[in-house]
Amino acid sequence: MLYLGYNSLTRNLPDSISNASKLTHLDLSTNNFSGIVPNSLGNLGLLEFLNLAGNNFLSEPSSPELSFITSLTNCKKLRLLAINDNPIAGTLPVSIGNLSASFQNFYAYKCRIRGTILNEISNLSSLVTLSLYGNDLSGSIPNTIKGLQKLQGIDVQDNKLRGSIPNGLCQLPNLNVVYLSTNQLSGLVPACLSNISSLRDLNLSSNKLSSSLPASLGDLKDLLRFDASFNSLDGSLPSEIGNLKALTLLDLSYNNFYGDIPGSIGDLQNLVNLSLGNNELMGTIPETFQSLVSLEILDLSHNNLSGVIPKSLDKLLYLKYFNVAYNNLHGEIPSGGPFGHFTSQSFLPNEALCGATQFGVRPCKTNSVGRMKTLKKVVIICVSSIIPLIVLLFTFVLLWIRCQKSKKLRIEIDLQPVAGYRRITHQEILEATDGFDESNLLGNGGFGSVYKGVLSDGMIVAIKVFKLQQERALKSFHVECDIIRNVRHRNLIKIVTSCSNPDFKALILEYMPNGSLEKWLYSCKYGLGGSIARSCDVYSYGIMLMETFTGKKPTAEMFAEHMNLKCWVMESLPSAVIQVIDRNLLRQEGENSFADVDCVTSILMLAVDCAAESPEQRIDMKDVLASLKKIKELADQRINMNDVLEKLKKIRAK
């Protein structure tokens with residue numbers, strides 16, 4: 001392996017590099033190399049990983065094709081090729097379809113590739129990531145792309161592609177990310193996209209798509225982001241949009257949609273950005289929008305909306321941007337909650353609106369009739385409140401008198417089992433676990449083992465059997481009983497019952513079929529972010545960040561005596577972080593990891609701050625969030641998936 005990335009190396013890459021016949025990994029990214037990519041790289045028969053990104057490499061001037069790709073067909077173990085961010089120029093050769101059968105990742109964005117996306121690319125049956133954005137590609141997306149059955153991410157945005165979105169795209173069952181924005185694609189949005197149940201991010205913006213949105217898109221239950229802005233889509237918005245419960249971004253701005261805004265959008269409680277501006281939408285702003293509790297951006301400007309701004313929108317505490325300018329709204333603008341931070345730019349020129357002077361509208365008129373109605377309501381409320389108090393007092397007196405009369409009577413208490421509490425014996429547990437058979441073992445801990453069990457009525461449970469011979473195991477049993485009995489939270493496992501004998505103690509818990517957090521941390525594939533929890537211990541969060549980006553557990557055998565995971569990470573910072581990063585990330589995550597080690601360095605430094613020994617020295621979670629956002633902003637500047645300036649240029653051009 002030879003890693004020389006992120007230096008200031010210059011000049012040409014010598015042909016003699018091919019003499020390193022046993023080389024498997026070659027990373028020359030983010031340097032100042034220039035000259036032609038040598039065809040002699042094809043002599044490295046064992047090469048698996050080739051990263052030339054971020055240099056000034058050129059292709060062979062005597063050929064319009066990228067001839068070095070043809071030479072790489074001799075590398076039968078090649079899994080990753082990154083040539084992005086180079087002024088290479090040229091066309092993709094037909095021989096690209098002859099690359100290794102195990103070829104998984106191709107990063108060739110921003111390197112002046114012209115010509116078409118060849119049909120032969122469909123021969124790369126193991127391809128996972130195809131990133132060609134920011135080039136001069138023309139022609140259409142070939143329908144033969146359906147042959148890439150393992151493809152998880154395709155990014156061809158910011159090219160000159162024409163034609164329709166091929167139905168072959170719908171036949172790729174593992175797709176997570178589809179970026180087709182900023183091209184000249186036309187025709188319909190294929191209804192068959194709903195077949196891609198794994199889809200998380202769909203960007204069709206800045207094209208020439210027409211017709212209406214298919215209602216079947218509502219079947220994409222796990223879709224996180226959908227952007228179809230800057231097209232010529234029309235028709236009414238399908239109510240099935242409300243089925244996209246996981247959606248965080250919905251941008252349908254700058255189209256020709258008309259009709260009412262579906263109230264079902266209010267069901268999208270994870271939505272952060274809702275942009276419906278610059279359409280022809282009519283009707284009122286749905287009251288259901290008050291349920292969009294995660295909303296930060298709401299743009300309904302430049303439509304034909306009427307009615308009032310629902311006062312209930314002041315419950316949207318995270319709302320930072322609100323725009324209803326250029327509509328036909330009337331009535332009072334809410335002043336509570338986030339509305340205290342908005343200005344006149346959010347409301348002008350809706351002349352029928354009224355409210356605080358900061359909104360740039362006229363003051364609302366006082367209404368004496370309204371005041372009388374309000375006074376009546378107050379009186380009714382007061383009277384209706386006093387009457388129940390009187391009734392309650394009278395009832396209390398009667399009960400007290402009756403109690404005095406029955407003091408001499410002995411009340412026998414019938415001790416019955418608590419309703420809903422299920423009793424279970426040791427024998428039933430033995431039968432449920434097939435005698436604690438190893439095939440039912442879910443995991444082991446310091447104080448016990450957890451088994452999967454099936455009770456006599458068919459209920460599947462998890463049974464934690466405590467190792468009473470272990471010190472403090474008995475105390476752990478009582479503590480867990482107390483905690484689970486007294487704490488209720490939707491993210492905490494529920495207790496069904498318990499079994500407690502002098503020599504046997506077990507908790508019968510709700511079975512969680514999706515496995516453990518550890519399983520999800522170490523089986524991740526294509527990089528898409530996710531939420532960890534609403535609140536968590538800062539120290540644990542720091543350790544989890546280290547685990548995620550190094551692929552090492554704190555209990556790994558390499559950590560002994562005075563060396564632990566945190567010390568290992570700290571010693572690598574800041575210059576040797578490449579030595580601790582999980583190699584799986586380097587091989588699979590493309591420009592989001594191996595091309596930006598600085599980003600991972602920043603994250604690991606943040607993780608160390610979270611895991612400070614003294615609680616007083618640990619960074620606050622609000623600062624953690626701010627730091628992560630800053631790191632993401634810096635990373636976005638490198639991989640710039642959707643340039644805002646380009647949008648502004650298009651707006652001005654219109």
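Predicted model: local features only at pLDDT ≥ 70, side-chain atom pairs only at ≥ 80, totals over all residues.
Is C364 buried, partly exposed or exposed, and at what relative accessibility? Residues are numbered from 1 along each chain as its sequence is written, and side-chain values use heavy atoms, with hydrogens and water left out.

Now the cysteines. A disulfide here is a pair of cysteine sulfur atoms within 2.5 Å. That rule gives two disulfides.

Take C170 and C192. Their sulfur atoms sit 2.0 Å apart. The link is right-handed, with 55 degrees about the S-S bond. It joins distant parts of the chain, 22 residues apart. C170 lies in the loop between β13 and β14, C192 in the loop between β15 and β16. Helices (H or I, at least four residues) and strands (E, at least two) are DSSP runs, numbered from the N terminus. C170 and C192 are both buried. Buried means under 20% relative accessible area, exposed over 50%, partly exposed in between, with a 1.4 Å probe and protein chains only.

Next, C354 and C364. These sulfur atoms are also 2.0 Å apart. The S-S torsion is about 95 degrees, so this disulfide is right-handed. C354 is in strand β28, and C364 is in the loop between β28 and α2, ten residues apart.

Back to my opening. C364 has 28% relative accessibility, so it counts as partly exposed.

Counting bonded cysteines along the chain, the pattern is 1-2, 3-4.
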